[in-house]
Amino acid sequence: MPARDERGLLDLIYGAAAEPALWPDVMNALADHIGGSSVFLSRLSVLNGTGEGIATRIDPASRTPYLQHFAAINVLNNVQDATGYMSGWTPSILLDEDWIPKEELVRSEYHNDFQRRLEIHSTMMIRLAAGGRETCVMNVHRPEPWGRFETRHLERAHSMHPHLIRAFGLTQKLEPILALVGELAAVLDESAHGLFVLDHRGVVRHVNRAGEALLARGVGLRVAGGRLTAVSCERARTLEGLIASAASADPTPSLGGAMALPFETGRAPLSITVTPFRGGQRPWPFASAAAVLVCVTDLEPEDRPQGEKLRLLFGLTPAEVRVALALYDGSTLKDAAGALGISPHTAHVHLSRVFGKTGTHRQSQLVALMVRAAGLRPD
């Protein structure tokens, strides 16, 4: 592989450290670099071979028979003395014949009934990490017609090995953080309010679904040059000032602020709240300044609360939900009874039960509670 391609492989390896989805690409590129065919990146128990992993250029259907049977007889992984083995474990590179004589391997049930079906004859085991009773290994394979791994293949693997270890270690450290970030993004997406996370310059870093819907409708907000701004020049200056205030590095408290974004058509305005979104001290001098959270609420919502959401939140019956929604729509209790085809007495009974289940005492309190309940998606 030319030096330029090696630099590309190194970029890919370190890119996978922060973006685990790139590891299959790393595996394929590494296999091509060192003369391999398929690759299995595994985290397996040395006691019984069970665990997890990702494979490239291998039939994914092989996972089930491996876990059901072949894990327990994996002659390239399982050991009898796990404590002794782990105490002497080092992140080295081994060939299968370094672990078990080739003649013994090819006679084993594991090789004949599992590896041969996957066209695996030779394996290079690139050790990456270990902990407890588990080891993380990148297994690179060659089919029998290709012959065994040669010295030149091992030399190329050794040149990449330190980088693989560092990148994989970073992935393990970052994995919980990246998972949490993904979960938080999912939580943000559940909000019916438009939520925009900006950097200190106003550049948009994340938009939830409700925010994307606001931008798509073109109701007073837009993204220009990557920055969140208002369609109206005057309102744009106000919004940009609030964002700058919230992101200020000035030691005095930056409170951000709030503004309304009115419309000439007479529809209800957008309510915009801008606040600092700090996550602690900056880890190094070139890190970005405080982020900014912009919350946009459409004061003229298109949808009323969903009946299923009210039922799940407060344990309302279908009849009670219908009465509550009628009141939310502005009907009097008498009008609601007529529209629903029930007597005023029955409607009053339903309303009394709704009050009890929601902890409210007046229709105005109930409607206010339903407005707040509508602020979250039902799913």
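Strand β6, residues 194-198, and strand β12, residues 291-298, pair in the antiparallel sense over five bridges. Pairing here requires that DSSP finds at least two bridges between two strands. Strands are DSSP runs of E with at least two residues, helices are runs of H or I with at least four, and both are numbered from the N terminus. In this pair, V197 has L293 of β12 as its bridge partner.

Before going on, a word on the model. It is predicted, so to speak of local features we need pLDDT of at least 70, and side-chain atom pairs count only at pLDDT 80 or more, while totals for chains, interfaces and linings use all residues. Residues are numbered from 1 along each chain as its sequence is written, and side-chain values use heavy atoms, with hydrogens and water left out.

Back to the sheet. β6 and β12 sit in an open sheet of five strands, in the order β7-β6-β12-β11-β10, with antiparallel pairing. Which strands are at the edges? They are β7 (204-207) and β10 (257-261), each pairing on one side only. From one strand to the next, the twist averages 20°. Angles like this run from 0 to 180 degrees between N-to-C directions, and axes are lines fitted to C-alpha atoms, for helices over the stretch in contact. Helix α9, residues 209-217, lies across β6, β7, β11 (270-277) and β12, and runs at about 100° to β6. Contact means heavy atoms within 4.5 Å.

Next slide: the other open sheet. This one also has five strands, ordered β2-β1-β5-β4-β3, again with antiparallel pairing. Its edge strands are β2 (51-56) and β3, and each pairs on one side only. β3 and β4 pair over three bridges, and L94 has M125 in β4 as its bridge partner. Two helices lie across strands of this sheet. α8 lies across β1, β3, β4 and β5, at about 35° to β4.

Now the largest nonpolar core. A nonpolar core is a set of buried Ala, Val, Leu, Ile, Met, Phe, Trp, Tyr and Cys residues joined through side-chain atoms within 4.5 Å. Buried means under 20% relative accessible area, exposed over 50%, and partly exposed in between, with a 1.4 Å probe and protein chains only. This core has 27 residues, and W23, L30, M124, I126, M138, V140 and L164 touch the most other members. Among the elements supplying at least two residues each are α1 (3-18), α2 (23-34), β4 (122-131) and α8 (151-189). Which element gives the most? It is α2, with six residues. L30 touches L9, I126, M138, M160 and L164, leaving out residues up to four places away in sequence. A second, separate core of 23 residues includes F196, V204, L214 and L270.

Last, a pair of helices. The axes of α12, residues 318-328, and α15, residues 363-373, come within 10 Å and cross at roughly 95°. That makes α12 roughly perpendicular to α15, a label used for 65 to 115 degrees; under 35 counts as roughly parallel, over 145 as roughly antiparallel, and the rest as oblique. A324, L325, L327 and Y328 in α12 meet Q363, L366, V367, M370 and V371 in α15.
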